[in-house]
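Visitor: I have a few questions about this structure. Could you walk me through them?

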Amino acid sequence: MNKLLKLLSENSNYTNSELALILNEPEDYIRAQIKEYEDKGIIKGYKAIVNWEKLDSPQVSAIIEVKVTPERESGFDRIAEEIMAFDEVKTVNLIAGSYDLSLVVTGTTMNDVASFVSRRLSPIANVVSCQTNFILKNYKDGGVDMVETIEQEDKRSFVI
């Protein structure tokens with residue numbers, strides 16, 4: 001794997017000078033390489049990994065497995081593009097197994113996600129069935145630990 005891309009995928013907050021130092025390359029080379037990756041669509045964007053549970057208004061997320069009937073000319077692509085267009089949908093993957101597509105969907109409440117499935121996702125042509133799995137706790141996201149260990153969570157002393 002490309003070392004520069006690996007570093008950026010682990011921490012997109014590195015500066016060009018930090019990357020140049022880590023990789024022992026000139027900063028101008030790093031800047032040009034990143035621009036080339038962006039222009040070619042290899043780097044699609046940068047984002048922060050947010051621990052939504054730490055906010056006053058956490059969001060609800062669900063993994064939804066969708067079984068579809070593929071279309072003759074486009075297979076799963078056109079259906080996936082239609083599903084991707086919904087704001088609630090954060091991730092769409094073609095998978096092998098009992099279902100065809102795996103989605104990550106967010107909402108304010110569980111009812112929001114359930115409503116999305118019943119009113120927007122299920123009526124799509126070629127959608128055969130959906131299985132919704134609500135995410136109860138996020139332990140790791142994008143390679144980042146999202147929860148503290150038990151020792152970190154409870155700092156109180158035990159007194160007898």
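Visitor: How far apart are the end C-alpha atoms of helix α5?

Guide: Bear in mind that this is a predicted model. Helix α5 covers residues 110–121, which makes 12 residues.

Visitor: Which residues of α5 are buried, and what arc do they cover around the axis?

Guide: The buried ones are Val113, Phe116, Val117 and Leu121. They sit on the same side of α5, because the arc they cover around the axis is only 95 degrees.

Visitor: What do the buried residues of α5 pack against?

Guide: One partner is a helix, α4 (77–84). The others are strands. They are β1 (60–68), β2 (89–94), β3 (101–107) and β4 (127–134).

Visitor: How many aromatic pairs does a search of the whole structure find, and which rings are involved?

Guide: The search finds one aromatic pair. The ring centres are 5.3 Å apart and the planes stand at 80 degrees, so the pair is edge-to-face. Its members are phenylalanine 86 and phenylalanine 116.

Visitor: How many residues apart in sequence are the parts that this pair ties together?

Guide: Phenylalanine 86 lies in the loop between α4 and β2. Phenylalanine 116 belongs to helix α5. The pair therefore links parts whose separation in sequence is 30 residues.

Visitor: Is phenylalanine 86 buried or exposed, and what is the relative accessible area of phenylalanine 116?

Guide: Buried means under 20% relative accessible area. Phenylalanine 86 has 15%, so it is buried. Phenylalanine 116 is buried too, with a value of 2%.

Visitor: In what order do the elements of the protein run?

Guide: The protein has six helices and six strands. From the N terminus on, the order is α-α-α-β-α-β-β-α-β-β-β-α.

Visitor: What is the radius of gyration of the protein?

Guide: For 160 residues, the globule rule gives 15 Å. The protein is well over that, so it is more spread out than a compact globule. Its C-alpha atoms fill a box of roughly 65 × 55 × 25 Å along the principal axes. The radius of gyration is 21 Å.

Visitor: What share of the 160 residues is buried?

Guide: The accessible surface comes to about 11600 Å², with 51% belonging to carbon and sulfur atoms. As for residues, the buried share is 24%.

Methods. Residues numbered from 1 in each chain as written. Predicted model: local features only at pLDDT ≥ 70, side-chain atom pairs only at ≥ 80, totals over all residues. Heavy atoms only, no water. Helix = DSSP H or I, 4+ residues; strand = E, 2+ residues; numbered from the N terminus. Expected span 1.5 Å × (residues − 1). Buried < 20%, exposed > 50% of the residue type's maximum accessible area, 1.4 Å probe, protein only. Arc of directions from axis to C-beta. Contact = heavy atoms within 4.5 Å. Rg over C-alpha atoms; globule rule 2.2 N^0.38 Å. Areas by Shrake-Rupley, 256 points an atom, 1.4 Å probe, with all protein chains shown as cover. Phe/Tyr/Trp six-rings, centres within 6.5 Å; stacked < 30°, edge-to-face > 60°.
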